[in-house]
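Subject: Structure handover

Hi,

Here is the structure I promised you. Please open it first, then read my notes below.

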Amino acid sequence: MLPQDRVHYYFDLFKMSGKQQSQTSKKQVKGTLDIKLPQKESDIWLLFLTIGIIVVSMIRFQLLKIPLERDEGEYAYMGKLILEGVPPYVKAYNMKLPGTYYMYALLMSIFGKTNTGIHTGLIVINACTMFLFYYAIKNVFNKRIAFVTALGYGLMAAGPYTLGFAAHATHFVNFFAALGLLFIARHKSSGKWYYILLSGLMMGMSFLMKQQAVFFILFGATVLLFNLPKEKGLVGKVVNTGGIFAAGVFAPYILNLLILIALGAFDKFWFWTYEYASKYAAGGSLSNGLAIYMSFFPPIFNEYFIIWLGAIAGIVIVVINKAYTRSQKIFAIGFGLFSYATVFPGLYFRQHYFITLLPAIGLLAGIAFDVMSNWLTGRFKSGLLKYIPVILIIISVSNAIAKNKTYYVNPDVNQICNAAYNGNPFIEAIAIGKFIKSTTKEGDKIAILGSEPEIFLYADRQSATGYIYTYGMVEKQPYNLKMQEEMISEIEQEKPVMLMCAYVNYSWLQQAGTPDSIFRWFADYSAKNYNVVGMVDMLPQGTNYYWNQDAIGVKPQAQNFIVLFKRKEG
């Protein structure tokens with residue numbers, strides 16, 4: 001078989017396979033949020049939370065070595081470029097805002113540029129987020145509710161059905177949103193204007209992590225405005241408070257724009273994060289979105305169903321119970337609604353999108369558990385019954401572990417990866433990255449046809465093209481052909497030492513009726529300028545790897561496979 005025929009054969013084969021009421025101060029004014037600073041006293045609930053955070057961290061610790069998935073790969077590669085002095089959107093393109101890229105760069109600079117280092121950083125971020133939610137919520141309600149909010153969030157966000165083992169942007173969204181709420185509490189206690197500014201800054205940082213955080217910005221503004229005393233001059237205070245908050249919100253984004261303009265990266269940033277992103281956000285249909293929702297949500301609900309049922313009860317309780325102030329009702333219901341809204345943009349309902357809903361679910365469940373605890377304590381006169389929330393959390397965790405022992409007890413990270421991402425080459429990417437690194441020199445560039453950016457991190461090599469994802473070019477959107485042509489041009493100009501093509505459905509998700517110029521070009525270009533040096537055959541019973549001479553003439557047997565090419569000498 002001739003080289004050109006062989007590559008055409010590969011493409012032909014690929015195409016065929018086709019989240020008690022607070023003990024209110026006597027000085028509380030109805031219609032405001034009674035947010036106070038924590039008292040310096042022994043806090044058993046903080047101790048319980050600390051123990052819970054240790055448990056959550058132990059769950060995550062077992063999963064440190066799980067392979068990166070492609071979103072993590074994208075963040076990690078962008079973070080790697082930042083650490084090398086390359087700003088976002090210059091040598092790698094994507095529609096996401098750059099906040100998570102910088103967080104990855106920070107974490108990798110501390111814990112290392114590996115999957116283990118990234119997941120170690122996630123443990124730290126997750127623990128900090130839980131503490132932040134505890135301190136923020138306890139000042140609005142009480143310590144028991146804050147305990148359930150924080151620990152409930154941490155446990156649910158570490159589970160398999162939200163893909164909680166992966167360092168998705170939603171974890172960083174929650175981190176900065178929790179900081180924003182804590183600064184709002186500080187403002188209520190001290191009256192200092194700069195806490196308004198700081199809360200806005202943190203909400204703005206949350207937005208830089210992921211665009212869906214705009215709903216947390218709206219929630220923060222709602223809390224701040226309802227926190228204003230209803231007295232003379234209210235309009236002026238609304239304008240003043242809103243203006244300071246807005247200044248904080250917009251500051252991170254404006255600073256980001258100024259930096260990108262100074263570095264000459266604004267045009268790419270604007271195209272990817274606004275022009276193309278607007279097409280993506282409008283892409284999902286209601287029927288398709290509902291189907292995805294009904295596929296992913298039930299397992300998330302069932303794993304910690306006690307907490308979810310508590311949240312449903314909490315909604316009813318906070319609405320009908322007259323013991324709660326108007327402001328507390330607004331806080332609880334508002335947090336739930338705005339958090340739920342973060343799941344919806346684009347109607348894609350990815351599993352990790354639900355992570356931004358989980359703190360609100362924890363809060364509403366905490367309200368229900370708190371009322372239950374107070375009722376039982378009053379009826380049976382037992383002080384131990386005030387710890388009912390702890391018991392319910394323990395039962396919830398035990399149930400989750402019993403249902404999914406392979407995830408929570410001595411997990412096999414490759415097995416978990418396969419279960420979550422069947423048909424994706426995330427495990428194989430580690431071996432591929434090692435092979436590319438051993439076959440190339442430092443400074444050599446590579447190109448990947450397909451959406452597998454994690455390989456750039458494993459290989460420690462830069463991409464010859466900014467297209468580290470190829471989904472956009474095979475979607476029904478007006479820029480698809482332009483993207484294909486630009487990727488072709490960049491590869492031909494850079495002449496990368498190695499090429500890799502992922503004949504993997506999930507790496508492309510090509511939509512019918514989209515251009516196939518990239519495929520036809522690659523078949524000819526690779527045959528004329530490259531030799532096959534690697535074949536990764538992803539069979540259901542296990543993956544076969546063929547390197548160098550062993551890869552020549554190998555015909556893939558699997559539906560999904562990967563071929564690596566090295567540039568011909570001379």
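**What I found**

S463 sits in strand β2 (residues 462–463). Helices (H or I, at least four residues) and strands (E, at least two) are DSSP runs, numbered from the N terminus. This is a predicted model: local features need pLDDT of at least 70, side-chain atom pairs count only at pLDDT 80 or more, and totals for chains, interfaces and linings use all residues. Residues are numbered from 1 along each chain as its sequence is written, and side-chain values use heavy atoms, with hydrogens and water left out.

Back to S463. This residue is buried, with a relative accessible area of 4%. Buried means under 20% relative accessible area, exposed means over 50%, and partly exposed is in between (1.4 Å probe, protein chains only). A polar atom of the S463 side chain lies 2.5 Å from the backbone oxygen of T465.

**Salt bridges**

Side chains of opposite charge can pair when their charged atoms come close. A salt bridge here is a side-chain nitrogen of Lys or Arg within 4 Å of a carboxyl oxygen of Asp or Glu. The whole structure has 11 salt bridges.

One of them joins E452 and R70, at 2.6 Å from N to O. This pair links distant parts of the chain, 382 residues apart. E452 is in the loop between β1 (445–449) and α20 (454–459), and R70 is in helix α3 (residues 70–83). Both E452 and R70 are buried.

E84 and K80 form another, with their closest N and O atoms 2.6 Å apart. K80 counts as buried because its relative accessibility is 2%. E84 counts as partly exposed, at 37%.

K268 pairs with E486, and the closest N and O atoms are 2.4 Å apart. Again the pair links distant parts of the chain: K268 is in helix α11 and E486 is in helix α21 (residues 480–494), 218 residues apart. K268 is partly exposed at 24% relative accessibility. E486 is partly exposed at 21%. Salt bridges that share partners also join D71, E74 and K96 into one network.

**Rings**

K268 turns up again here. Its charged end sits over the ring of Y93, 4.3 Å from the centre. The charged end of K482 sits over the ring of F271, also 4.3 Å from its centre. The test is NZ of Lys or CZ of Arg within 6 Å of the ring centre and within 35 degrees of the ring normal.

Next, ring pairs. A search of the whole structure finds 57 aromatic pairs. How far apart are the ring centres of Y194 and Y195? They are 4.9 Å apart, and the planes are at 50 degrees, so the pair is tilted. Rings of Phe, Tyr and Trp (its six-membered ring) pair if their centres lie within 6.5 Å; planes under 30 degrees apart count as stacked, over 60 as edge-to-face and the rest as tilted. Y194 is partly exposed at 36% relative accessibility, whereas Y195 is buried at 19%.

Ring pairs also link a cluster that includes Y75, F172, F269 and W270. F269 is found in helix α11 (residues 266–281). Its relative accessible area is 0%, so F269 is buried. The C-alpha atoms of F269 and V90 are separated by 8.5 Å, although the two are 179 residues apart along the chain.

Best wishes

Notes
Polar contact = N/O pair within 3.5 Å; in protein donor to acceptor, adjacent residues only side chain to side chain.
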